[in-house]
Amino acid sequence: PDVSNPKITFRLPSTCVSGTPIPNGKPVKIYTTGDFDETFISDHVFTGTTGADITCDLPSKLIGEERDLYVVVILKGSFDPEGKSDTQLTNAIINEEIMLGVIEDVVRLSPGMLIDADAFEFYGKADYTDDGDEED
């Protein structure tokens, strides 16, 4: 891989865990975070659009670093998870403002890597019950 111009590519799945399609042409923000405790704080945001691979520049400060990745697909409005609580994220999903994608394991970021669709689990409104509790 060309480390003078390091790139990272994200290939998002076409559906949520429930089978709900992830619509094409929607803005995507991919956040790198450390541990997500009470409040969502990221140290970098990759941006793109649903429906095709998202290839972004990989900042040198992140090369070789381990990060959790959270993917926010904006369905309507301009929800920003930064500084939000887990409850606020869940409410945004239930209100169909966003779909949220997560990767179970931390990812060591490296130039030229492809994070494939099967690494992500996406959650939309149908993945939550009416009372707001997560389904198994």
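Which residue in E6 stands opposite tyrosine 70? Tyrosine 70 stands opposite valine 102.

## About the model

This is a predicted model, in which local features need pLDDT of at least 70, side-chain atom pairs count only at pLDDT 80 or more, and totals for chains, interfaces and linings use all residues. Residues are numbered from 1 along each chain as its sequence is written, and side-chain values use heavy atoms, with hydrogens and water left out.

Let's start with strand E5, residues 66–74. Strands (E, at least two residues) and helices (H or I, at least four) are DSSP runs, numbered from the N terminus. Eight of the nine residues of E5 are buried, so the strand is largely enclosed by the rest of the structure; buried means under 20% relative accessible area with a 1.4 Å probe, protein chains only.

Two strands pair if DSSP finds at least two bridges between them. E5 runs antiparallel to E2 (residues 27–33), with six bridges, and here threonine 33 has aspartate 68 as its bridge partner. Five bridges join E5 to E6 (residues 98–103), again antiparallel. Two bridges link E5 with antiparallel E7 (residues 107–108), where valine 107 stands opposite arginine 67.

## Helix H1

Now for helix H1, residues 86–94, where Leu89, Thr90, Ala92 and Ile93 are buried. These residues cover an arc of only 160° around the axis, which puts them on the same side of H1; the arc is that of the directions from the helix axis to the C-beta atoms.

The buried residues of H1 pack against E6 and strand E9 (120–123), with contact meaning heavy atoms within 4.5 Å. Just after H1, glutamate 96 takes a positive phi of about 60°.

Conventions
Buried means under 20% relative accessible area, exposed over 50%, partly exposed in between (1.4 Å probe, protein chains only).
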